[in-house]
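Hello,

Here is the structure I promised to pass on. Please open it beside this message, and read my notes below.

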Amino acid sequence: MPDGIPDGITRDDLEQAIADFDAGVEHPFAESTGYDLVFGDRRYPPKAIVGLAARRLAGRTLTPYDFKGGEASRCFRILKVNGFDVVPKPGLDQPRIPFVVSKQYTRNDIYQILTVPIEQQRGDWDTGYHRHDKDWFIFASVGSAGRTGHDYDNYWDGEAFVWHGKTRSRIEHPTVQSLLNPPGRVFVFTRERDRDPFTFEGCGNPASSEPTTPVTIRWQFPDRPVSRLPEELPPGTTYREGTVRTILINAYERNPQARRVCIAHYGTACVVCDFDFGTVYGETGEGFIHVHHLKEISSIGEEYVVDPIADLRPVCPNCHAMLHTTIPAMPIEALKNLMDCHRHALVAVSSSNSPQ
Ligand SMILES: [Zn+2]
Ligand SMILES: [Zn+2]
């Protein structure tokens, strides 16, 4: 993004912007998400104030698209050199998460990242969960990707991770209570086989618990990118003609473990149109892809076990939406054929229209 902030913004410009902001002047900025500008005893969205302060020099209020905010931005620098405090929003001043979701880590990698002194390594870390400073670390085994859970298996139920504590753990135990009301964050790591490295699943929120022995906790991961996927279709739901049509994805398409196996096999490019988010959008798009479940949900029985390679395919959201324009979803090959036909038709039209 080009930085469209004019040079020479003064403290007066900024104070005027704050006064106008307080007076309710119109501007195109949303509430700030990560940081606030503190002035007197009030907090302001930093970008909005700089966007307004630029009026004298730019001749107009800037828009959110004219410049960046954030820690290392010129916007924040301008505020700071003019003597303003820019601080993280309350509750957001937690340290950065030092792990990347879906990346693999050994326990040794984790010790190094957290700089755990050698005499504090192992011990509790080698059991199912360990508290480090304010944060909890959970190390969980999960059944194979296709399993839906039973007994005391840990398993993915869509995007939620259903997890069991140590063998004799009970809900009233102080440790379990601390996990349910965590003083810091809960880092959740999983693996399928004993000697594998762990995969970081994200910071978990305890969504619900059951007073079983061992205790059962259902973890949700609000920050996982997959959370931004469209609505889930609960098994057995029927949709009447004429209801709003969205892409309805099911629990198998959301299961992170099944997604990983599918993507490891097929890659992250769309199997219909070859679109690859990493290639087109760089780092931001890296690894982003929907996963389409080939089997019709209504034809699936209770005992069904998803096979991530036989039953799932990576598809881009456009192709995913097109696959689901029919009920049941059209086969991948059918959509590919449609695309090919129309592409050829387009080429034919454009070449017949072009001047000789
Ligand atoms: Zn596609
Ligand atoms: Zn689908």
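**The hairpin and its sheet**

Let me start with one pair: Glu-210 has Thr-216 of β12 as its bridge partner. Keep in mind throughout that this is a predicted model.

The two strands here are β11 and β12, which make a hairpin with five residues between them. Five bridges hold the pair, in the antiparallel sense. Pro-206 is also part of this pairing, with Trp-219 of β12 as its bridge partner.

Look for Trp-163, whose bridge partner in β12 is Ile-217.

Put together, this is an open sheet of four strands, ordered β7-β8-β12-β11, with antiparallel pairing. Its edge strands are β7 and β11 (205-210), and each of them pairs on one side only. From one strand to the next, the twist averages 30 degrees.

Which face of β12 is covered, and which is uncovered? Ile-217 and Trp-219 make up the covered face. Thr-216, Arg-218 and Gln-220 make up the uncovered one.

**The five-strand sheet**

There is another open sheet, with five strands in the order β4-β10-β9-β6-β5. Its pairing is mixed. The edges are β4 (104-105) and β5 (129-132), each pairing on one side only.

Walk across it in order:

- β4 and β10 run antiparallel and are joined by two bridges. Tyr-105 stands opposite Phe-198 of β10.
- β6 and β9 pair in the parallel sense, over six bridges. Here Ala-140 faces Thr-190 in β9.
- β5 and β6 run antiparallel, with four bridges between them. His-132 has Asp-135 of β6 as its bridge partner.

The last two strands form a hairpin with two residues between them. One detail to check there is Asp-133, which takes a positive phi near 50 degrees.

**The cores**

How many residues does the largest nonpolar core have? The count is 24. Trp-136, Ile-138, Val-186, Phe-187, Val-188 and Trp-219 have the most contacts inside it. At least two residues of this core come from each of β6 (135-141), β7 (155-157), β8 (160-164), α6 (174-180), β9 (186-191), β10 (198-203) and β12 (216-220). That list includes strands from both sheets described above.

Leaving out residues up to four places away in sequence, Val-188 touches Ile-138, Ala-140, Phe-161, Glu-201, Gly-202, Gly-204 and Trp-219.

As a general point, nonpolar side chains tend to be buried together in soluble globular proteins.

**Helix α2 and its neighbours**

Is α2 enclosed or open? Eight of its eight residues are buried, so α2 is largely enclosed by the rest of the structure. Those residues are Pro-46, Lys-47, Ala-48, Ile-49, Val-50, Gly-51, Leu-52 and Ala-53. They pack against α1 (11-22), β1 (35-39), β2 (42-44), α3 (55-58), α4 and β3 (85-88).

The axes of α2 (residues 46-53) and α4 (residues 74-81) come within 10 Å and cross at roughly 80 degrees. The two helices are therefore roughly perpendicular to each other. From α2, the contact uses Pro-46, Lys-47 and Val-50. From α4, it uses Cys-75, Phe-76, Ile-78 and Leu-79. Six of the contact residues are nonpolar, none is polar and one is charged.

**A strand pair further along**

β13 (residues 290-293) and β14 run antiparallel, joined by four bridges. His-292 has Arg-313 of β14 as its bridge partner. Both faces of β14 (residues 312-315) are covered. Leu-312 and Pro-314 are buried on one side, Arg-313 and Val-315 on the other.

**The whole chain**

The chain has 356 residues, and 29% of them count as buried. There are twelve helices and 14 strands. Of the contacts with a separation of 6 or more, 61% are between residues 24 or more positions apart.

Best wishes

How values were computed
Residues are numbered from 1 along each chain as its sequence is written. Chains are lettered from A and ligands numbered from 1 in the order in which they are written. This is a predicted model: local features need pLDDT of at least 70, side-chain atom pairs count only at pLDDT 80 or more; totals for chains, interfaces and linings use all residues. Axes are lines fitted to C-alpha atoms, for helices over the stretch in contact, and angles run from 0 to 180 degrees between N-to-C directions. Angles under 35 degrees count as roughly parallel, over 145 as roughly antiparallel, 65 to 115 as roughly perpendicular and the rest as oblique. Two residues are in contact if their C-beta atoms, placed from the backbone, lie within 7 Å. Ala, Val, Leu, Ile, Met, Phe, Trp, Tyr, Cys and Pro count as nonpolar, Asp, Glu, Lys and Arg as charged, and the others, Gly among them, as polar. A nonpolar core is a set of buried Ala, Val, Leu, Ile, Met, Phe, Trp, Tyr and Cys residues joined through C-beta atoms within 7 Å. A residue is buried if 20 or more other C-beta atoms lie within 10 Å of its own, exposed if 12 or fewer, and partly exposed in between; C-beta atoms are placed from the backbone. Two strands pair if DSSP finds at least two bridges between them.
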